[in-house]
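Subject: Structure for you to look at

Dear colleague,

Here is the structure you were expecting. Please open it beside this message; my notes follow below.

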Amino acid sequence: MEARREPAVDLLRSLVRVPSVTEDEGAVQRLVEREMVRRGLDVDRWEATEEELAPHADEVGEGLLPKGRPNLLGTRRGTGSGRSLLLNAHVDTVEVGDRDAWSVEPFGGDLVGDALYGRGSCDMKGGLATFLIALDVLDDLGVRLRGDVKLAATVGEEDGGHGALSTVLRGHRADAVVISEPTRLALVPAQGGSLVFRLSVPGLAAHAAARDSGVSAFERFLPLYDALLDLEEERNASLSHPLYAGVENKVPINVGRVRAGNWASTVPESLVAEVRAGLLPGESVGEFKRLLEGRLRAVSEEDDWLAENPPELVYFGGQFSPAEVRSDAPILSALAGAHRAATGRSPAVEGVPYGSDMRHFVRTGGMDCVMYGAGDVRLAHAPDEHVSIAELLAAVATYAHLITDWCGAEGL
């Protein structure tokens, strides 16, 4: 695979250098489409519509979709009689954040030793590059596949995954799906779920000099915050899943944003907190909502002010349902075998606590889907995001073995 190092670096660098923060993926998709066409893939290009997504608003959120956000699916047709495989990678990224926290240009694609830096390098343009380079490897070897290989480059994963969902709703199917999320080359057959909600806590404004005549929304929020932390602790102690035994916080609850008050000399009359809560595979989003609402209601009823002025709880954005595939799914053994052939070692098999597009392929598409890819998710969304080139090349080798073994090849 060392001969593929320079092409892999060049391709990933070109992808990183085209910013593609979610809702602005059009430019990078033009580049991806050229790469697909250059490899002889038949390309389907389309944009998701609000009408098709409306019945799935709980999963991907609702509201207007900006134009110019195409999804792409390139197909390499097989000669027939082989199994089909869909390879998926999302092209959107999160914002850069504080540029002063970066030691390199976020869209420079700098190569430092074994690592290529830049927003999206790990999550997950590196994964898209490995799929494309794996197809190049098969071309170099003259491999003629029996089954179809489909490469989906989708948008909007970071804000609900409507691109992957639209791919399924458009009718694109395969005998199995692999998503190249950064898993450190671990095999991931289970993803956690999550939902986000907004908690609005009322108060009563007063001059700070007469603070006791008002009601601080901030102070009334504190017992609600403590209740959320207690709920997280209780759930971690009571819930279990064999693939999450090594995860310390399996179902994290994170208060990511808080806005309160409007002036230092005024008792805050309102507070709005935005929260993300995690779920394990096998859990129901609806049951968790009832548990959460009951816990917050019980705390409010113990407070004289909140009992008369209850907080408002609103769910917003996409809700990432948990998903997993059965332990005997053929794609699991096939991918494990491909990893062994490429690296000489068996892969770790893990569950992850975050949500991903995997759920759309499993829950809506009814397809076996697993995640496997180069990179460490702990570097995703962070300053100095980067990915190891050595891991990328190992992933390329694994995908080349997988595609050949899964789809079948003429003369092999």
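In which strand does Arg-198 lie? Arg-198 is in strand 9, residues 193-202. Helices (H or I, at least four residues) and strands (E, at least two) are DSSP runs, numbered from the N terminus.

Before the rest, some ground rules. This is a predicted model, in which local features need pLDDT of at least 70 and side-chain atom pairs count only at pLDDT 80 or more, while totals for chains, interfaces and linings use all residues. Residues are numbered from 1 along each chain as its sequence is written, and side-chain values use heavy atoms, with hydrogens and water left out.

Arg-198 has a relative accessible area of 26% and is partly exposed (buried is under 20% relative accessible area, exposed over 50%, partly exposed in between, with a 1.4 Å probe and protein chains only). Setting aside neighbours within four places in sequence, Arg-198 is in contact (heavy atoms within 4.5 Å) with Val-272, Ala-273, Glu-274, Glu-312, Leu-313, Val-314 and Phe-316.

Helix packing

Two packed helices are described by the angle between their axes and the distance between the axes. Axes are lines fitted to C-alpha atoms, for helices over the stretch in contact, and angles run from 0 to 180 degrees between N-to-C directions.

Helix 1 (residues 5-16) and helix 5 (residues 121-141) cross at roughly 135°, and their axes come within 9 Å. Helix 1 and helix 5 are therefore oblique to each other (under 35 degrees counts as roughly parallel, over 145 as roughly antiparallel, 65 to 115 as roughly perpendicular and the rest as oblique). On the helix 1 side the contact includes Leu-11, Leu-12 and Leu-15, and on the helix 5 side it includes Lys-125, Leu-128 and Leu-132. By class, the contact of helix 1 with helix 5 has 10 nonpolar, 2 polar and 1 charged residues (Ala, Val, Leu, Ile, Met, Phe, Trp, Tyr, Cys and Pro count as nonpolar, Asp, Glu, Lys and Arg as charged, and the others, Gly among them, as polar).

Helix 10 (residues 330-343) packs with helix 12 (residues 389-407) at about 130°, with the axes 8 Å apart. That angle makes helix 10 oblique to helix 12. Among the residues that meet are Leu-335 and His-339 in helix 10, and His-401 and Trp-406 in helix 12. The contact of helix 10 with helix 12 has 11 nonpolar, 4 polar and no charged residues.

Cysteines

How many disulfides are found in the whole structure? The search finds 0, a disulfide being a pair of cysteine sulfur atoms within 2.5 Å. For Cys-122, the closest cysteine sulfur is 18 Å away, in Cys-369, too far for a bond. The sulfur of Cys-369 has its closest cysteine sulfur in Cys-407, at 15 Å, which is also too far for a bond. Cys-122 is buried at a relative accessible area of 1%, and Cys-369 is buried at 0%.

Backbone points to check

Most residues other than glycine have a negative phi, and most peptide bonds are trans. The peptide bond from Asp-123 to Met-124 is cis, with omega near -10°, and Met-124 lies in helix 5. Glu-23 has a positive phi, near 90°; it lies in the loop between helix 1 and helix 2 (26-38) and is partly exposed at 45% relative accessibility. Asp-384 has a positive phi of about 60° and lies in the loop between strand 15 (369-371) and strand 16 (386-388).

Regards
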